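Work through the exercises below with the sequence and the model at hand. Each task is followed by a solution in steps.

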Amino acid sequence: MNRHFIKIALLSAIPLFVIFFFRYVYLYSVNFPYYDDFGDCAGLVAQWEGTASGWGKIKLLFEQNFDHRVLFLKLICISYYLLTSHLNITILILIGDLALVGIWLQFYLLASRSLSHAWLLVAIAALLFQVQHFESSILWMTCALQHAPCIFLTTFAVQLALQNRASWAMVVALVAMLSSANGILAPILVLGVLFLTKRYQPLWWAIPLYLLIAAWHLSTLTLYSGGRLTHLLYGQPAKLLALLAFAGGFSRLFTESLLVNQLVGVFFLFPMLLGIYQLFFLRYRTSFSFLQWISLAGLLFVWFTAVLVTQLRNESVDYSFLQLARYNIYYPFFPIFSLGLLFFTAHPNPIQRYVAPAITMVSFFFCILTYYHYQGSILEYRKEISLNQPNYAWSKLIYYPPIFEDAASVEHFESLRQKGLLSRQHPFMNFIPELDLSVIKDTLKSARMQQFSDYAEIRDTSLVVNNKNKEDGIYILLTDQHKSPRYAFYAHHAYPTAYRIFFRQFYRPMAPGFFNQFHFKDLKPGAYEVLVVKVEEAMVQKLYHLAVIQIDHQAG
């Protein structure tokens, strides 16, 4: 078959990855703030509107958010608000995801036009436009405008430095530094590239500029997560194994084995060590392609992120980071930048023509499996965000996540909502108030509820839901003595193996039964009827009476 035709066919497939991914994000994201979105988005705009002076607005852009400054996020949110006069969380998430497109375009524009590189460009697209990183690319606006954009800003700054645009490179790197905690490395990488490629002239002003801004940045930053540089001295070598597990997080799609994750991490970090070693020898340094420089910088950046996550937070090793889906966004970049270092060389190795198709097949297989494997997690996560809408409408409560306690940000959200500045979808369960909740007669005998001092648990093993719509499932509804809905919670479902159904109809059926646990901490005292709501085809198909509970504590 003609090699030119194969290259055209391969590159023509890449828009399909991108279109399918962005359509998926648009369909499954929720146009409603979540967790620190209330402060970073609604709160930011409310404070911007309430600040009269220009200097006050500039200071607002550089204020701290948790352990970070999030300059890029704030610039995007404010720009979108000024252009449209409202806020749309879904659109802001899509804007953040454009960083993934930018990273792929870097590889495309700087790669050779060889057939092996065409194969690898498809592999990189498959690794980028998948949903293992669903929390940071589909559902959480703050993460979408922080993690991937900071990686792109860093690699783009390195590219500008290599193209003799040192001034712009430092500007972009400094924006990265002020957009996430791990961004502190971006200017260092740019300065390193300028030095190693003998572009000495910009260094006389770039180094003092970086030191000045970095000193201000670090001296005015408060660490709330407990991270300390001295924590590096404790918990080794267990922390090193945790770092390797982070670097091998790509493999968590296939297994939760820490040993396998660590071995995969060694495999992906080895090219970084090899690249650093080669830079000490001039004959290798001069043969580095632009993409190898960018890939080495990118690999160092995600490695540095792993150090921050696994080494600095605690004195002892803590594997809880593996349960935080927000960090999944970094997992595919370890194989992506490893591929860049090993295969996007100035002089392609003949072995690439045999290895590249195999890498592409594995990457494609990985991409498809993420849509299958993480569908249940994505559905439950979007229900968690969606249910904040009716809870807020009925009781002015942002329940999810249960650890959320930012009353000031919610007040900012309320002020914007009253002004009509938030472009919102209809409440997720807007059909509930239209039902006559006073005529419920059915009881769910298969469900069992246990009430404890500060929470309740509900379990069922037999109730079946035909969940072909993303809103379908079981929900728990609490109504007051007037039969008015007050609080709604989603139920957890198991998703059995169903490859055939998924690849034919693109959904995973739920196993019979459900589990729910809701806490009383933020619920107002009183008597509530507990109803089980069965939703199919995005409509309430059945309402069941379960119990009546009395909450006696003082809410909040």
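**Exercise 1.** State what share of the contacts with a separation of 6 or more comes from residues 24 or more positions apart.

Solution. Start with the term: a contact means heavy atoms within 4.5 Å. Next, take the contacts in the protein with a separation of 6 or more; residues 24 or more positions apart account for 76% of them.

The model is predicted: local features need pLDDT of at least 70, side-chain atom pairs count only at pLDDT 80 or more, and totals for chains, interfaces and linings use all residues. Residues are numbered from 1 along each chain as its sequence is written, and side-chain values use heavy atoms, with hydrogens and water left out.

**Exercise 2.** Find how many helices and strands the protein has, and what percentage of its residues is buried.

Solution. Helices (H or I, at least four residues) and strands (E, at least two) are DSSP runs, numbered from the N terminus. The protein has 22 helices and nine strands. Buried means under 20% relative accessible area, exposed over 50%, and partly exposed in between (1.4 Å probe, protein chains only). Of the 556 residues, 55% are buried.

**Exercise 3.** Locate Lys-396 and describe its phi.

Solution. Go to the loop between helix H20 (388–395) and helix H21 (407–419), where Lys-396 is found. Lys-396 is not a glycine, yet its phi is positive, about 55°. Its relative accessibility is 47%, so Lys-396 counts as partly exposed.

**Exercise 4.** Do likewise for Lys-483.

Solution. Lys-483 lies in the loop between strand S5 (473–479) and strand S6 (485–490). Its phi is positive, about 65°, although Lys-483 is not a glycine. With a relative accessible area of 35%, Lys-483 is partly exposed.
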